[in-house]
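Please read this briefing alongside the sequence and the structure shown here.

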Amino acid sequence: MQKSKNIQSMVVTAIFAAIIILLSFTPLGLVPVGPINATTIHIPVIIGGILLGPKRGAFLGFVFGLASLIHSTVAPTILGFIFSPFVPVIGTNHGSWLAVIIAIVPRVIIGVVPAYIFKGLGRIFGQQKQTLSLALTGFIASFMDTIMVMGLIEVLFRHQYAQALGQTLQHIDQFILGIVFTNGLAEGVLAAVVTAVVTGLLMKIVQQANR
């Protein structure tokens, strides 16, 4: 029985990893929300973290981060140096390995924390409000991802980020905060809805299969 569960968990992990890769390299990873684009790539990481636990969630987060690094390398933009050490930092002819931190670390963390957030919220709200716990978990984990990524950009590439966007150093802090509270909130709401609906449905399927 335990071996069967492990195999099932591995298969589900592989499916989530495939979804993450698909979203990372296709337009499906971005959803227009008003005047901005909200990414959906982190949502399978969050859902996987809830369903599969922190270890497999961390693996899915690593897949997300690695896919982000590869995509920024093979299809670089003016901000590609933030996520890939192989893209020259603006104003130089070489990349920075600090980009690996931004690409990988926040994504691994959002694979780890959802299981604990959901468990904690379950104790607060109870099983009767599972949908609310799932939605809040999705929102919190998503917003954490935005804060961590933008915070690391502020710390590691503040000057280069401002230069790439044509912003002054005096205004770059407000610009970053603006992204956190526009893209971040939009992505958080989207993650909340999808996490609540999809995870709730998958939990019901698993429960019925185990009867």
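Predicted model: local features only at pLDDT ≥ 70, side-chain atom pairs only at ≥ 80, totals over all residues.

**Helix packing and pockets**

The crossing in which α2 passes α3 is right-handed.

**α2 with α3**

- The axes of α2 and α3 cross at roughly 165° and come within 7 Å, an angle over 145°, which means that α2 counts as roughly antiparallel to α3.
- On the α2 side the residues that meet the partner helix are H42, P44, V45, G48, G49 and L52, while α3 brings P54, R56, G57, L60, G61 and F64.
- Sorted by class, this contact of α2 with α3 has six nonpolar, five polar and one charged residues.

**α3 with α4**

- Helix α4, which covers residues 98-125, packs with α3 at an angle of about 155°, and the two axes lie 7 Å apart.
- Because of that angle, α3 is roughly antiparallel to α4, and the crossing of α3 and α4 is right-handed.
- From α3 the contact draws on P54, G57, A58, G61, F62, F64, G65, L66, S68 and L69, and from α4 on V100, A103, I104, R107, V108, G111, V112, A115 and Y116.
- The residues in the contact of α3 with α4 comprise 13 nonpolar, five polar and one charged.

**α5 with α6**

- Helix α6, made of residues 158-165, packs with α5 at an angle of about 100°, with 5 Å between the axes.
- The angle falls in the range from 65 to 115 degrees, so α5 is roughly perpendicular to α6.
- M150, I153, E154 and L156 of α5 form this contact together with R158, Q160 and Y161 of α6.
- By class, the residues of the contact of α5 with α6 are four nonpolar, one polar and two charged.

**The largest pocket**

- A volume of about 980 Å³ is computed for the largest pocket.
- Its lining is made up of 32 residues, of which L30, T39, F83, R107 and E187 are the closest to the centre of the pocket; R107 is also one of the α4 residues in the contact with α3.
- At least two lining residues come from each of α1 (2-24), β2 (36-39), α3 (54-74), α5 (130-156), α7 (169-180) and α8 (183-209).
- Among the contributors, α5 gives the most to the lining of the largest pocket, with five residues.
- The lining of the largest pocket divides into 17 nonpolar, 12 polar and three charged residues.

**The second largest pocket**

- The second largest pocket holds about 640 Å³ of space.
- There are 25 residues lining the second largest pocket, and those closest to its centre are V12, L51, L52, L202 and V206; L52 also belongs to the α2 residues that meet α3.
- Two or more residues of the lining of the second largest pocket are given by each of α1, α2 (42-52) and α8; α1 and α8 are also among the elements that supply at least two residues to the lining of the largest pocket.
- The lining of the second largest pocket has, by class, 17 nonpolar, six polar and two charged residues.

Definitions and conventions. Residues numbered from 1 in each chain as written. Heavy atoms only, no water. 1 Å grid on protein atoms, 1.4 Å probe; cavity = no way out; pocket = protein on both sides within 12 Å on 5 of 7 lines; lining within 4 Å. Points joined across faces, edges and corners; volume = space filled by probe spheres on them. Helix = DSSP H or I, 4+ residues; strand = E, 2+ residues; numbered from the N terminus. Nonpolar A, V, L, I, M, F, W, Y, C, P; charged D, E, K, R; others polar. Axes fitted to C-alpha atoms, helices over the stretch in contact; angles between N-to-C directions. Parallel < 35°, antiparallel > 145°, perpendicular 65-115°, else oblique. Left-handed = near helix turned anticlockwise from the far one by under 90°. Contact = heavy atoms within 4.5 Å.
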